Amino acid sequence: MNKSSSKTNHQSFEKTVKHEVDMAFALSAQEFAWSRFLQQKLLSSPHDDLISTSSYPSEILERSSKKQGGEKHQDRDEEGGEIKKRLKELQKLLPGGEEMNMEEILSEIGSYIVCLELQMIVLKSIVQDNTS
């Protein structure tokens, strides 16, 4: 097998694993709206069309580091605008968040973060087991 087809097979394998991990993630918390939305998206989209949630952390870090260098807000209206802006960012990150109101987002985001942390622990464990 040549390097090109080996690389293609590896990428296909990674996409399949990601899809299955994301589906397990969605199925693990079916009582939450974000989970049902993610499951529906996974079932309706081919593996190639899925947006990788793993790209979100780097985007968040990039935006966060830019904001830390900014001036402190002196006006409450500006602070309110900043809060609304950050809530809009949360809305984009939470599966199905763009279809939820702010109250729903705030009630769902905690479970989403906990499930992401658990997914990370499981994936780290799998990687450690396979490299040992």
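Predicted model: local features only at pLDDT ≥ 70, side-chain atom pairs only at ≥ 80, totals over all residues.
How many Å should the twelve residues of helix α2 span at 1.5 Å a residue, and how far apart are its end C-alpha atoms? The legends below take up this question and then move to other close-up views.

Figure 1. Residues are numbered from 1 along each chain as its sequence is written, and side-chain values use heavy atoms, with hydrogens and water left out. Helix α2 covers residues 33–44, and at 1.5 Å a residue it should span 16 Å, which agrees with the 17 Å between its end C-alpha atoms; the expected span is 1.5 Å times one less than the number of residues in the helix. Helices (H or I, at least four residues) and strands (E, at least two) are DSSP runs, numbered from the N terminus. In α2, the residues Trp34, Ser35, Leu38, Gln39 and Leu42 are buried, where buried means under 20% relative accessible area, exposed means over 50%, and partly exposed lies in between (1.4 Å probe, protein chains only). An α-helix has 3.6 residues a turn, so residues three or four places apart point the same way. On the other side of α2, Gln40, Leu43 and Ser44 are exposed. The cover over the buried residues of α2 includes α1 (3–27) and α5 (102–131).

**Figure 2. Helix α1 and what its buried residues pack against.** Helix α1 has 25 residues and reaches 36 Å from its first C-alpha to its last, close to the 36 Å expected at 1.5 Å a residue. Its buried residues are His19, Asp22, Met23, Phe25 and Ala26. The buried residues of α1 pack against α2 and α5, where contact means heavy atoms within 4.5 Å.

**Figure 3. The largest nonpolar core.** A nonpolar core is a set of buried Ala, Val, Leu, Ile, Met, Phe, Trp, Tyr and Cys residues joined through side-chain atoms within 4.5 Å. The largest such core here has 13 residues, and those with the most contacts inside it are Phe25, Trp34, Leu94 and Tyr112. The elements that give two or more residues to this core are α1, α2 and α5, and α5 gives the most, with four residues. In soluble globular proteins, nonpolar side chains tend to be buried together.

Figure 4. Rings of Phe, Tyr and Trp (its six-membered ring) pair if their centres lie within 6.5 Å, and planes under 30 degrees apart count as stacked, over 60 as edge-to-face and the rest as tilted. A search of the whole structure finds four aromatic pairs. One of them joins phenylalanine 25 and tyrosine 112 in a tilted arrangement, with 5.8 Å centre to centre and 50° between the planes. Phenylalanine 25 lies in helix α1 and tyrosine 112 in helix α5, so the pair ties together parts that are 87 residues apart in sequence. Both phenylalanine 25 and tyrosine 112 are buried. Phenylalanine 32 and tryptophan 34 form a stacked pair, with 6.4 Å centre to centre and 10° between the planes. Of these two residues, phenylalanine 32 counts as partly exposed at 23% relative accessibility, whereas tryptophan 34 counts as buried at 0%. Ring pairs link Phe25, Phe32, Trp34 and Tyr112 into a cluster.

Figure 5. Not counting residues up to four places away in sequence, leucine 94 touches Trp34, Met100, Ile105, Glu108, Ile109 and Tyr112. The C-alpha atoms of leucine 94 and alanine 33 are 9.7 Å apart in space, although the two residues are 61 residues apart in sequence. Asparagine 101 has its place in the loop between α4 and α5 as well, and asparagine 101 is partly exposed, with a relative accessible area of 42%.
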